[in-house]
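Trainee: I would like to learn how to read a model like this one. Where do we begin?

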Amino acid sequence: MSALIVKQAYIPSMLEDLINNQYKMIDLVEAQGITDNEEILNNTEIMITNGEAKVGKDLIDKYNNLKLIADFGVGYDGIDVNYAVKKGIKVTHTPGVLTDDVADLGVGLLIALSREIPKADKFVKYGKWQELGMGSFPWTHKVSGSRVGIVGMGRIGRAIAKRLSAFDVTIGYCNQSKVDNENYLYFSSLVDLASFSDFLVVCVPGIKENFHLINKNVLKALGASGALINISRGSVVDEEYLTGALINKEIRGAALDVFEHEPYVSDKLRNLDNVILTPHMASATWETRKAMAQLVFDNVTAFIQGKELITPVPECFKVK
């Protein structure tokens, strides 16, 4: 008999179809991922979750035979990986396949913010251009030749740097260590990177060590001519202080795909005209979600067949 699988959080229907065509999966989403059914708790070997869901110690302990947590997403900050590994539970995620989409949106948000594309769109659609005439839309800011700071030079950070290099920008970055590219400027201090940057792009994981990494000191260093782009996790930015900084023009603007309390976004932030907001959609293309679904399924299949997992989270390589 195949391993019993539970769906603990939302996953797309294409992944559900892949799994249900081969294995037995119990849907716990309507029960908010929690069950008291002893048969399920005693026999489940695989849990399917997503990058935003919480899978902590208490939930893990409910399952007596859990052996794999398969995450539909590259981020796994909601999963207590260290505790899972200590209990002999493997954890997989979906890195690599969504890098291009997230980098594309990051660059798109940067350009849209600098050139004020959403405002220009409304200016034409609402008849303001026709009413006020040629040259009536305010001037915007140049991207080419600017200075871009990248916070976190992992897969996504590198992909963004590669794309922006075509704009002849000067790229600086702050990372745990230097990367092998002499054309990028390394900053050991995040505040110094912010002071250098016209645009500060955040590409770090939402682990507890990065909570409010982008804080008052960083935003003050970014300054009135600087702009923030966040396509990582909302918890990385002190959203309350950022909102005040935007209201008071301490920074020029922000483009955000992620927020601290998703899907809630404060009225203050939503009503600002110097921000661009998108609904955590960086990896949400048909092509990438299909590839993510296939990778989750392949990890599940590898586990069931006793083969090496394809993309275990990095912590799973460490001895605890």
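This is a predicted model: local features need pLDDT of at least 70, side-chain atom pairs count only at pLDDT 80 or more; totals for chains, interfaces and linings use all residues.

Mentor: With the names of the elements. Helices are DSSP runs of H or I with at least four residues, strands are runs of E with at least two, and both are numbered from the N terminus.

Trainee: Which residue does a cis peptide bond join to Pro263?

Mentor: The general idea comes first. Most peptide bonds are trans, and most residues other than glycine have a negative phi. Here the bond between Glu262 and Pro263 is cis, with omega at about 0°.

Trainee: Let us turn to α5. How many of its 16 residues are buried?

Mentor: The count is 12 of the 16, so α5 is largely enclosed by the rest of the structure. Among the buried ones are Thr99, Asp101, Leu105, Gly106, Leu109 and Ser114. For length, compare the span with expectation. From first C-alpha to last, α5 reaches 23 Å, close to the 22 Å expected at 1.5 Å a residue.

Trainee: How do I read a nonpolar core? Which residues have the most contacts inside the largest one?

Mentor: In soluble globular proteins, nonpolar side chains tend to be buried together. The largest core in this model has 51 residues, and Leu15, Ile48, Ile150, Ile160 and Val300 have the most contacts inside it. Helix α5 (residues 99-114) gives the largest share, eight residues. Another core lies apart, with 30 residues that include Leu228, Val236, Leu242 and Leu269.

Trainee: What does Ile160 contact, leaving aside neighbours within four places in sequence?

Mentor: Ile160 is in contact with Ala103, Val107, Ile150, Val201, Cys203 and Ile231.

Trainee: Now charges. How many salt bridges does a search of the whole structure find?

Mentor: Side chains of opposite charge can pair when their charged atoms come close. The search finds 16 salt bridges. Take Lys7 and Glu16: their closest N and O atoms are 2.8 Å apart. Lys7 is buried, because its relative accessibility is 5%. Lys7 and Glu16 also belong to a network of salt bridges with Asp27.

Trainee: What is the distance between the closest N and O atoms of Asp36 and Lys62?

Mentor: The bridge of Asp36 and Lys62 has 3.9 Å between those atoms. The pair links distant parts of the chain, 26 residues apart: Asp36 is in the loop between β2 and α2, and Lys62 is in helix α3 (residues 57-62). Asp36 is exposed, at 62% relative accessible area. Lys62 is partly exposed, at 33%.

Trainee: Which residue forms a salt bridge with Arg147?

Mentor: Asp198 does, with the closest N and O atoms 3.8 Å apart. Arg147 is in strand β6 (residues 147-151) and Asp198 in the loop between α9 (190-196) and β9 (199-202), so the pair ties together parts 51 residues apart in sequence. Arg147 is partly exposed, with a relative accessible area of 37%.

Trainee: What about a buried charge without a partner? How far is Asp71 from the nearest side chain of opposite charge?

Mentor: A salt bridge needs the nitrogen and the carboxyl oxygen within 4 Å. Asp71 is buried and has no salt bridge; Arg233, the nearest side chain of opposite charge, is 6.4 Å away. The Asp71 side chain reaches the backbone nitrogen of Gly51 at 3.0 Å. Asp71 lies in strand β4 (residues 68-72). Beyond four places in sequence, the residues Asp71 touches include Thr49, Tyr76, His93 and Val296.

Trainee: One last residue. Which side chain makes a polar contact with that of Asn42?

Mentor: Asn64 does, at 2.4 Å. Asn42 lies in helix α2 and is partly exposed, with a relative accessible area of 35%. Leaving aside neighbours within four places in sequence, Asn42 contacts Asn64 and Asn65.

Methods. Residues are numbered from 1 along each chain as its sequence is written. Side-chain values use heavy atoms; hydrogens and water are left out. Buried means under 20% relative accessible area, exposed over 50%, partly exposed in between (1.4 Å probe, protein chains only). Lys and Arg count as positive and Asp and Glu as negative; His and the chain ends are not counted. A polar contact is a pair of N or O atoms within 3.5 Å; within protein, one must be able to donate a hydrogen and the other to accept it, and residues adjacent in sequence count only if both atoms are side-chain atoms. Contact means heavy atoms within 4.5 Å. A nonpolar core is a set of buried Ala, Val, Leu, Ile, Met, Phe, Trp, Tyr and Cys residues joined through side-chain atoms within 4.5 Å. The expected span of a helix is 1.5 Å times one less than its number of residues.
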